[in-house]
Amino acid sequence: MFGFGQDIGIDLGTASVLVYIKGKGIVLKEPSVVAIDKNTNRLLAVGEDARKMLGRTPGNIVAIRPLREGVISDYDITERMLKYFINKVCGNKAFKLFKPRIMVCVPSGVTEVEKRAVIDAAMQAGARKTYLIEEPIAAAIGAGIDIAKACGSMVVDIGGGTTDIAVISLGGTVVSSSIKIAGDKFDEAIVRYMRKKHNIMIGERTAEELKIHVGTVYPRVQEVTMDIRGRNLISGLPKTITITSTEIMEALEEPISSVVEAVHSVLERTPPELAADISDRGIVMTGGGSLIYGLDKLLQEKTGINVLIADDAISCVALGTGKALDNFEAIEESANAESKALRR
(Lines give C-alpha, C1' and ligand atoms only; values in the text may rest on other atoms or scores of the structure.)
Protein backbone atom coordinates (compact mmCIF):
# COMPACT_ATOMS: atom_id res chain seq x y z
CA MET A 1 0.00 0.00 0.00
CA PHE A 2 2.74 2.46 0.94
CA GLY A 3 4.35 2.04 -2.46
CA PHE A 4 1.39 3.77 -4.13
CA GLY A 5 1.83 7.16 -2.47
CA GLN A 6 3.21 9.67 -4.91
CA ASP A 7 6.68 11.14 -4.45
CA ILE A 8 6.58 14.91 -4.75
CA GLY A 9 9.38 17.45 -4.97
CA ILE A 10 8.56 21.04 -3.98
CA ASP A 11 10.63 24.13 -4.67
CA LEU A 12 9.10 26.32 -1.97
CA GLY A 13 10.36 29.66 -3.22
CA THR A 14 9.84 33.21 -1.99
CA ALA A 15 8.48 34.26 -5.39
CA SER A 16 6.99 31.02 -6.75
CA VAL A 17 6.22 27.41 -5.88
CA LEU A 18 7.11 24.64 -8.33
CA VAL A 19 5.84 21.10 -7.83
CA TYR A 20 7.48 18.04 -9.41
CA ILE A 21 5.79 14.63 -9.43
CA LYS A 22 7.91 11.54 -10.01
CA GLY A 23 7.27 10.20 -13.48
CA LYS A 24 5.37 13.29 -14.62
CA GLY A 25 7.87 16.15 -14.29
CA ILE A 26 6.92 19.69 -13.24
CA VAL A 27 3.14 19.79 -12.92
CA LEU A 28 2.61 23.12 -11.21
CA LYS A 29 4.30 26.52 -11.27
CA GLU A 30 2.48 29.27 -9.39
CA PRO A 31 3.45 32.49 -7.55
CA SER A 32 3.64 31.99 -3.76
CA VAL A 33 0.87 34.49 -2.97
CA VAL A 34 -2.32 33.89 -1.00
CA ALA A 35 -5.39 36.17 -0.81
CA ILE A 36 -7.43 36.00 2.38
CA ASP A 37 -10.62 37.62 3.64
CA LYS A 38 -9.61 39.19 6.97
CA ASN A 39 -13.13 39.11 8.40
CA THR A 40 -13.81 35.40 7.86
CA ASN A 41 -10.19 34.12 7.50
CA ARG A 42 -11.34 32.39 4.29
CA LEU A 43 -8.92 31.55 1.48
CA LEU A 44 -10.06 33.53 -1.57
CA ALA A 45 -7.32 32.82 -4.08
CA VAL A 46 -3.92 31.13 -4.28
CA GLY A 47 -1.13 31.48 -6.83
CA GLU A 48 -1.56 33.46 -10.04
CA ASP A 49 -5.10 34.65 -9.16
CA ALA A 50 -3.84 36.00 -5.83
CA ARG A 51 -0.79 37.65 -7.46
CA LYS A 52 -3.09 39.76 -9.63
CA MET A 53 -4.59 41.14 -6.40
CA LEU A 54 -1.24 42.38 -4.96
CA GLY A 55 -1.56 46.10 -4.26
CA ARG A 56 -5.15 46.14 -5.55
CA THR A 57 -7.26 44.84 -2.66
CA PRO A 58 -9.98 46.53 -0.58
CA GLY A 59 -9.66 46.79 3.22
CA ASN A 60 -11.14 43.39 4.09
CA ILE A 61 -8.96 41.39 1.66
CA VAL A 62 -5.19 40.94 2.03
CA ALA A 63 -2.84 39.43 -0.53
CA ILE A 64 0.01 37.87 1.44
CA ARG A 65 3.37 36.44 0.43
CA PRO A 66 3.90 33.93 3.27
CA LEU A 67 7.61 33.39 2.51
CA ARG A 68 10.17 36.14 2.94
CA GLU A 69 13.88 35.94 2.19
CA GLY A 70 13.73 32.19 1.59
CA VAL A 71 12.07 31.24 4.88
CA ILE A 72 8.53 30.95 6.23
CA SER A 73 7.32 34.23 7.70
CA ASP A 74 3.66 33.22 8.11
CA TYR A 75 3.45 29.57 9.15
CA ASP A 76 -0.36 29.16 9.04
CA ILE A 77 -0.74 30.68 5.55
CA THR A 78 2.21 28.63 4.19
CA GLU A 79 0.59 25.45 5.46
CA ARG A 80 -2.74 26.32 3.81
CA MET A 81 -1.00 27.26 0.56
CA LEU A 82 0.94 23.95 0.52
CA LYS A 83 -2.22 21.97 1.23
CA TYR A 84 -3.99 23.74 -1.66
CA PHE A 85 -1.14 23.02 -4.12
CA ILE A 86 -0.71 19.38 -3.03
CA ASN A 87 -4.47 18.77 -3.35
CA LYS A 88 -4.43 20.42 -6.78
CA VAL A 89 -1.69 18.15 -8.16
CA CYS A 90 -2.65 14.90 -6.38
CA GLY A 91 -6.42 14.95 -6.66
CA ASN A 92 -8.28 14.79 -3.36
CA LYS A 93 -9.31 11.11 -3.36
CA ALA A 94 -5.91 9.62 -4.13
CA PHE A 95 -4.32 12.09 -1.73
CA LYS A 96 -6.51 10.97 1.20
CA LEU A 97 -5.83 7.28 0.50
CA PHE A 98 -2.08 7.41 -0.09
CA LYS A 99 -0.20 10.28 1.46
CA PRO A 100 2.82 11.39 -0.57
CA ARG A 101 6.47 11.52 0.44
CA ILE A 102 7.61 15.09 -0.05
CA MET A 103 11.02 16.62 -0.58
CA VAL A 104 11.29 20.37 -0.04
CA CYS A 105 14.14 22.74 -0.90
CA VAL A 106 15.60 25.08 1.71
CA PRO A 107 18.33 27.75 1.34
CA SER A 108 21.79 26.59 2.45
CA GLY A 109 21.96 29.01 5.40
CA VAL A 110 18.70 28.11 7.20
CA THR A 111 18.64 27.50 10.96
CA GLU A 112 17.30 24.35 12.65
CA VAL A 113 14.16 26.27 13.68
CA GLU A 114 13.49 27.31 10.08
CA LYS A 115 14.04 23.72 8.89
CA ARG A 116 11.59 22.47 11.52
CA ALA A 117 8.98 25.00 10.34
CA VAL A 118 9.23 23.72 6.73
CA ILE A 119 8.98 20.06 7.83
CA ASP A 120 5.97 20.80 10.10
CA ALA A 121 4.19 22.80 7.39
CA ALA A 122 4.63 19.94 4.88
CA MET A 123 3.48 17.32 7.40
CA GLN A 124 0.40 19.38 8.33
CA ALA A 125 -0.33 19.84 4.63
CA GLY A 126 -0.58 16.05 4.30
CA ALA A 127 2.87 14.54 3.74
CA ARG A 128 3.57 10.99 4.92
CA LYS A 129 7.25 11.83 5.30
CA THR A 130 9.18 15.02 4.59
CA TYR A 131 12.79 15.37 3.51
CA LEU A 132 14.82 18.53 3.01
CA ILE A 133 17.41 19.25 0.35
CA GLU A 134 19.65 22.30 0.12
CA GLU A 135 18.88 24.60 -2.80
CA PRO A 136 22.39 24.71 -4.34
CA ILE A 137 22.58 20.89 -4.40
CA ALA A 138 19.10 20.63 -5.97
CA ALA A 139 20.03 23.36 -8.47
CA ALA A 140 23.26 21.53 -9.40
CA ILE A 141 21.39 18.24 -9.96
CA GLY A 142 18.72 20.08 -12.00
CA ALA A 143 21.39 21.78 -14.11
CA GLY A 144 22.73 18.34 -15.06
CA ILE A 145 25.94 18.41 -12.97
CA ASP A 146 27.13 15.03 -11.69
CA ILE A 147 27.61 16.01 -8.04
CA ALA A 148 28.78 12.54 -6.95
CA LYS A 149 32.20 12.94 -8.63
CA ALA A 150 35.34 13.97 -6.74
CA CYS A 151 35.41 17.16 -8.73
CA GLY A 152 34.51 20.73 -7.73
CA SER A 153 31.42 22.41 -9.20
CA MET A 154 30.24 25.90 -8.33
CA VAL A 155 26.58 26.86 -8.40
CA VAL A 156 25.08 30.34 -7.99
CA ASP A 157 21.31 30.11 -7.47
CA ILE A 158 19.56 33.51 -7.50
CA GLY A 159 15.95 33.10 -6.45
CA GLY A 160 13.32 35.52 -5.18
CA GLY A 161 14.42 35.81 -1.56
CA THR A 162 17.95 34.41 -1.34
CA THR A 163 21.07 33.95 -3.42
CA ASP A 164 22.73 30.62 -2.63
CA ILE A 165 26.33 30.06 -3.67
CA ALA A 166 28.00 26.70 -3.12
CA VAL A 167 31.00 24.65 -4.12
CA ILE A 168 29.94 21.00 -4.38
CA SER A 169 32.06 17.87 -4.49
CA LEU A 170 31.33 14.17 -3.78
CA GLY A 171 27.61 14.86 -3.33
CA GLY A 172 28.05 17.40 -0.55
CA THR A 173 28.66 21.12 -0.01
CA VAL A 174 32.28 22.06 0.67
CA VAL A 175 31.92 25.85 0.94
CA SER A 176 28.64 27.75 0.81
CA SER A 177 27.10 31.12 1.43
CA SER A 178 23.48 32.27 1.46
CA ILE A 179 22.67 35.98 1.29
CA LYS A 180 19.24 37.54 1.56
CA ILE A 181 19.74 39.62 -1.58
CA ALA A 182 17.93 38.34 -4.67
CA GLY A 183 14.94 39.09 -6.93
CA ASP A 184 12.86 40.87 -4.25
CA LYS A 185 15.75 43.15 -3.29
CA PHE A 186 16.29 43.98 -7.00
CA ASP A 187 12.62 45.05 -7.21
CA GLU A 188 12.95 47.16 -4.06
CA ALA A 189 16.07 48.85 -5.48
CA ILE A 190 14.10 49.77 -8.65
CA VAL A 191 11.19 51.19 -6.57
CA ARG A 192 13.67 53.30 -4.52
CA TYR A 193 15.44 54.54 -7.63
CA MET A 194 12.16 55.65 -9.28
CA ARG A 195 11.16 57.54 -6.14
CA LYS A 196 14.53 59.24 -5.80
CA LYS A 197 15.30 60.02 -9.44
CA HIS A 198 11.86 60.61 -10.98
CA ASN A 199 9.70 61.45 -7.93
CA ILE A 200 7.35 58.68 -8.99
CA MET A 201 5.93 55.88 -6.87
CA ILE A 202 5.54 52.47 -8.53
CA GLY A 203 4.32 49.14 -7.17
CA GLU A 204 6.20 45.83 -6.77
CA ARG A 205 4.60 44.35 -9.89
CA THR A 206 5.65 47.28 -12.10
CA ALA A 207 9.19 47.06 -10.68
CA GLU A 208 9.27 43.35 -11.52
CA GLU A 209 8.10 44.01 -15.09
CA LEU A 210 10.84 46.62 -15.50
CA LYS A 211 13.42 44.15 -14.18
CA ILE A 212 12.29 41.42 -16.59
CA HIS A 213 11.89 43.54 -19.73
CA VAL A 214 14.64 46.18 -19.50
CA GLY A 215 16.70 44.99 -16.51
CA THR A 216 20.42 44.97 -17.22
CA VAL A 217 23.63 44.87 -15.17
CA TYR A 218 26.13 45.06 -18.01
CA PRO A 219 26.21 47.71 -20.79
CA ARG A 220 23.91 46.66 -23.64
CA VAL A 221 24.88 47.04 -27.29
CA GLN A 222 21.47 48.53 -27.99
CA GLU A 223 19.51 50.43 -25.36
CA VAL A 224 15.96 49.26 -24.62
CA THR A 225 13.15 51.32 -23.10
CA MET A 226 9.80 50.72 -21.43
CA ASP A 227 6.89 53.01 -20.54
CA ILE A 228 5.64 52.74 -16.95
CA ARG A 229 2.84 54.37 -15.00
CA GLY A 230 3.06 55.46 -11.42
CA ARG A 231 1.94 58.16 -9.00
CA ASN A 232 3.74 61.49 -9.13
CA LEU A 233 4.83 62.25 -5.55
CA ILE A 234 4.70 66.03 -6.06
CA SER A 235 1.30 66.43 -7.75
CA GLY A 236 -0.21 63.16 -6.46
CA LEU A 237 -1.53 62.40 -9.96
CA PRO A 238 -0.86 59.38 -12.21
CA LYS A 239 2.06 59.89 -14.60
CA THR A 240 3.64 57.92 -17.46
CA ILE A 241 7.40 57.98 -18.00
CA THR A 242 9.86 56.13 -20.24
CA ILE A 243 12.65 54.23 -18.50
CA THR A 244 15.86 53.11 -20.22
CA SER A 245 17.94 50.00 -19.55
CA THR A 246 20.88 52.22 -18.46
CA GLU A 247 18.75 53.63 -15.63
CA ILE A 248 17.85 50.13 -14.43
CA MET A 249 21.55 49.24 -14.52
CA GLU A 250 22.18 52.21 -12.23
CA ALA A 251 19.31 51.16 -9.93
CA LEU A 252 20.58 47.57 -9.61
CA GLU A 253 24.21 48.46 -9.03
CA GLU A 254 24.13 48.10 -5.23
CA PRO A 255 22.34 44.72 -4.83
CA ILE A 256 24.24 43.19 -7.77
CA SER A 257 27.62 44.21 -6.32
CA SER A 258 26.62 42.39 -3.07
CA VAL A 259 25.97 39.20 -5.09
CA VAL A 260 29.34 39.52 -6.89
CA GLU A 261 31.07 40.07 -3.51
CA ALA A 262 29.42 36.94 -2.07
CA VAL A 263 30.64 34.86 -5.04
CA HIS A 264 34.11 36.30 -4.54
CA SER A 265 34.15 35.41 -0.82
CA VAL A 266 33.10 31.79 -1.54
CA LEU A 267 35.90 31.49 -4.11
CA GLU A 268 38.38 32.84 -1.53
CA ARG A 269 37.40 30.08 0.93
CA THR A 270 37.49 27.27 -1.67
CA PRO A 271 40.29 24.67 -1.29
CA PRO A 272 42.92 25.08 -4.07
CA GLU A 273 42.22 21.72 -5.78
CA LEU A 274 38.53 22.52 -6.09
CA ALA A 275 39.29 26.09 -7.20
CA ALA A 276 41.32 24.59 -10.06
CA ASP A 277 38.33 22.41 -11.04
CA ILE A 278 35.99 25.43 -11.01
CA SER A 279 38.31 27.51 -13.16
CA ASP A 280 38.36 24.57 -15.57
CA ARG A 281 34.61 23.83 -15.61
CA GLY A 282 33.18 27.29 -14.98
CA ILE A 283 30.46 28.62 -12.68
CA VAL A 284 26.85 27.51 -13.29
CA MET A 285 24.05 30.01 -12.64
CA THR A 286 20.46 29.01 -11.92
CA GLY A 287 17.26 30.68 -10.68
CA GLY A 288 15.14 33.47 -12.15
CA GLY A 289 17.56 36.20 -11.02
CA SER A 290 20.33 34.78 -13.21
CA LEU A 291 18.30 35.71 -16.30
CA ILE A 292 18.86 39.46 -15.85
CA TYR A 293 20.72 40.64 -18.94
CA GLY A 294 24.50 40.65 -18.57
CA LEU A 295 24.81 39.09 -15.10
CA ASP A 296 26.83 36.17 -16.51
CA LYS A 297 29.15 38.59 -18.37
CA LEU A 298 29.59 40.73 -15.25
CA LEU A 299 30.49 37.72 -13.06
CA GLN A 300 32.86 36.44 -15.74
CA GLU A 301 34.58 39.82 -15.88
CA LYS A 302 34.90 40.10 -12.08
CA THR A 303 36.11 36.53 -11.42
CA GLY A 304 37.95 35.67 -14.63
CA ILE A 305 36.09 32.32 -14.69
CA ASN A 306 33.75 31.18 -17.46
CA VAL A 307 30.08 31.57 -16.39
CA LEU A 308 27.23 29.49 -17.84
CA ILE A 309 23.49 29.92 -17.33
CA ALA A 310 21.66 26.58 -16.91
CA ASP A 311 19.24 25.59 -19.68
CA ASP A 312 16.00 25.84 -17.71
CA ALA A 313 17.29 28.22 -15.03
CA ILE A 314 13.93 28.88 -13.31
CA SER A 315 12.98 25.20 -13.00
CA CYS A 316 16.45 23.86 -12.08
CA VAL A 317 15.82 23.59 -8.34
CA ALA A 318 12.46 21.82 -8.81
CA LEU A 319 13.96 19.45 -11.43
CA GLY A 320 16.88 18.67 -9.11
CA THR A 321 14.49 17.96 -6.23
CA GLY A 322 12.59 15.62 -8.54
CA LYS A 323 15.74 13.79 -9.61
CA ALA A 324 16.80 13.46 -5.97
CA LEU A 325 13.49 11.64 -5.34
CA ASP A 326 14.94 8.73 -7.33
CA ASN A 327 17.61 8.29 -4.66
CA PHE A 328 15.26 8.09 -1.68
CA GLU A 329 17.06 5.02 -0.30
CA ALA A 330 20.39 6.88 -0.03
CA ILE A 331 18.61 9.85 1.57
CA GLU A 332 16.85 7.56 4.07
CA GLU A 333 20.21 6.01 5.03
CA SER A 334 21.91 9.37 5.60
CA ALA A 335 18.87 10.65 7.56
CA ASN A 336 18.95 7.55 9.78
CA ALA A 337 22.71 7.85 10.30
CA GLU A 338 22.26 11.53 11.26
CA SER A 339 19.53 10.76 13.80
CA LYS A 340 21.66 7.93 15.32
CA ALA A 341 24.62 10.29 15.64
CA LEU A 342 22.36 12.86 17.35
CA ARG A 343 21.11 10.23 19.83
CA ARG A 344 24.69 9.42 20.83
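Axes here are lines fitted to C-alpha atoms, for helices over the stretch in contact, and angles run from 0 to 180 degrees between N-to-C directions. Helices (H or I, at least four residues) and strands (E, at least two) are DSSP runs, numbered from the N terminus. Contact, or touching, means heavy atoms within 4.5 Å.

The model is predicted: local features need pLDDT of at least 70 and side-chain atom pairs count only at pLDDT 80 or more, while totals for chains, interfaces and linings use all residues. Residues are numbered from 1 along each chain as its sequence is written, and side-chain values use heavy atoms, with hydrogens and water left out.

**Stop 1: the sheet**

Select helix H4 (residues 112-124), which lies across strand E9 (101-106) and E10 and runs at about 140° to E10. Next, show the open sheet of five strands, ordered E3-E2-E1-E9-E10, with mixed pairing. Two strands pair if DSSP finds at least two bridges between them. From one strand to the next, the twist averages 20°.

Now zoom in on strand E1 (residues 7-12) and strand E2 (residues 16-21), which run antiparallel and are joined by five bridges. Leucine 12 stands opposite valine 17 in E2. On to E2 and E3: these also run antiparallel, with six bridges between them. Isoleucine 21 has glycine 25 in E3 as its bridge partner. The hairpin of E2 and E3 has three residues between the strands, and there glycine 23 takes a positive phi near 90°.

**Stop 2**

Select arginine 65, in the loop between E6 and strand E7 (67-68). Is this residue, arginine 65, buried or exposed? Arginine 65 is buried, at a relative accessible area of 11%; buried means under 20% relative accessible area, exposed over 50%, partly exposed in between (1.4 Å probe, protein chains only).

The arginine 65 side chain reaches the backbone oxygen of threonine 14 at 3.2 Å. It also makes a polar contact with the side chain of aspartate 184 (3.2 Å). A polar contact is a pair of N or O atoms within 3.5 Å; within protein, one must be able to donate a hydrogen and the other to accept it, and residues adjacent in sequence count only if both atoms are side-chain atoms. Beyond four places in sequence, arginine 65 touches residues including Ser32, Val33, Leu54 and Glu204.

Step back to alanine 63 in strand E6 (residues 61-64). Alanine 63 is partly exposed, at 22% relative accessibility. Among the residues that alanine 63 touches, leaving out those up to four places away in sequence, are Val33, Val34, Ala50 and Met53.

**Stop 3: the cores**

A nonpolar core is a set of buried Ala, Val, Leu, Ile, Met, Phe, Trp, Tyr and Cys residues joined through side-chain atoms within 4.5 Å. In the largest one, of 43 residues, Met154, Ile190, Met194 and Leu210 touch the most other members. Helix H9 (residues 253-268) supplies the largest share of this core, seven residues. A second, separate core has 29 residues, including Val17, Met81, Leu82 and Val110.

Select methionine 194: leaving aside neighbours within four places in sequence, its contacts include Asn199, Ile202, Leu210 and Ile248.

**Stop 4: the cysteines**

How many disulfides does the structure hold? The structure holds zero disulfides, a disulfide being a pair of cysteine sulfur atoms within 2.5 Å. For cysteine 105, the nearest cysteine sulfur is that of cysteine 316, 11 Å away. Cysteine 105 is buried, with a relative accessible area of 3%.
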